[in-house]
Amino acid sequence: ELLAAVQSVLQLPPPPPWKRGIDKKGRIYFYDSVARVSSWSHPMQPQHAALCDAFRRVRGAAEGDQLAVAAAEMQMRQQQAEAELALWRQVVPGDGTQCYFYRADTLETSWESPQS
């Protein structure tokens with residue numbers, strides 16, 4: 001059941017600001033309208049690959065060690081997510097306009113908090 005859930009990630013719509021498109025030859029592509037980049041790969045593909053790898057490590061562990069391996073995987077993912085969130089900064093303009101968020105390493109901006 002878990003493997004099926006992991007495999008279904010790539011069937012989900014891409015996260016904003018990504019959009020799914022189909023070219024003239026009927027091939028699926030993905031387009032980020034903010035960064036103005038396109039890709040043949042689903043934008044969640046790296047996360048999908050990481051989940052598959054984690055699943056394989058848990059399944060490959062000795063039966064008595066699977067819970068510990070799963071816990072270590074979850075802790076590592078949490079640390080990675082926290083590190084990524086730490087790259088975002090909130091900007092509150094002095095003129096009273098709406099605050100926004102930017103990511104320090106890529107200079108990506110968003111009106112929505114990355115924590116939402």
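Two strands count as paired if DSSP finds at least two bridges between them. Helices (H or I, at least four residues) and strands (E, at least two) are themselves DSSP runs, numbered from the N terminus. The model looked at here is a predicted one, so local features need pLDDT of at least 70 and side-chain atom pairs count only at pLDDT 80 or more, while totals for chains, interfaces and linings use all residues. Residues are numbered from 1 along each chain as its sequence is written, and side-chain values use heavy atoms, with hydrogens and water left out.

On to the sheet. Three strands make up an open sheet in the order E4-E5-E6, with antiparallel pairing. Strand E4 (88-91) and E6 sit at the edges with a single partner strand each, so one side of each has no neighbour in the sheet. E4 and E5 run antiparallel and are joined by four bridges, with Arg89 opposite Tyr102 in E5. E5 and E6 also pair in the antiparallel sense, over two bridges. Here Phe101 faces Ser110 in E6, and Tyr102 stands opposite Thr109 in E6. The hairpin of E5 and E6 has five residues between the strands, and Leu107 takes a positive phi near 65° in it.

Buried means under 20% relative accessible area, exposed means over 50%, and partly exposed lies in between (1.4 Å probe, protein chains only).

Next come the charged pairs. The whole structure holds six salt bridges, a salt bridge being a side-chain nitrogen of Lys or Arg within 4 Å of a carboxyl oxygen of Asp or Glu. One of them links Arg56 and Asp53 at 3.3 Å, N to O. These two residues are three apart in helix H2 (residues 45-60), which puts Arg56 and Asp53 about one helical turn from each other. Arg56 is exposed, at 54% relative accessible area, and Asp53 is partly exposed at 36%.

The closest N and O atoms of the Glu73–Arg77 salt bridge are 3.5 Å apart. Glu73 is buried at 10% relative accessibility, while Arg77 is partly exposed at 24%.

Glu84 and Arg103 form another salt bridge, with their closest N and O atoms 3.1 Å apart. Glu84 belongs to helix H3 and Arg103 to strand E5 (residues 100-103), so this pair ties together parts that are 19 residues apart in sequence. Glu84 is partly exposed at 42%, but Arg103 is buried at 15%. Shared partners also join the salt bridges of Arg57, Glu73 and Arg77 into one network.

A pocket is an open set of points on a 1 Å grid over the protein atoms alone, where a 1.4 Å probe fits, with protein on both sides within 12 Å along at least five of seven lines; lining residues have an atom within 4 Å of a point. The largest pocket has a volume of about 1,200 Å³, volume being the space filled by probe spheres set on the points. Of its 29 lining residues, Pro15, Pro16, Glu84, Trp88 and Glu108 are the closest to the centre. H3 gives the most to this lining, with five residues.
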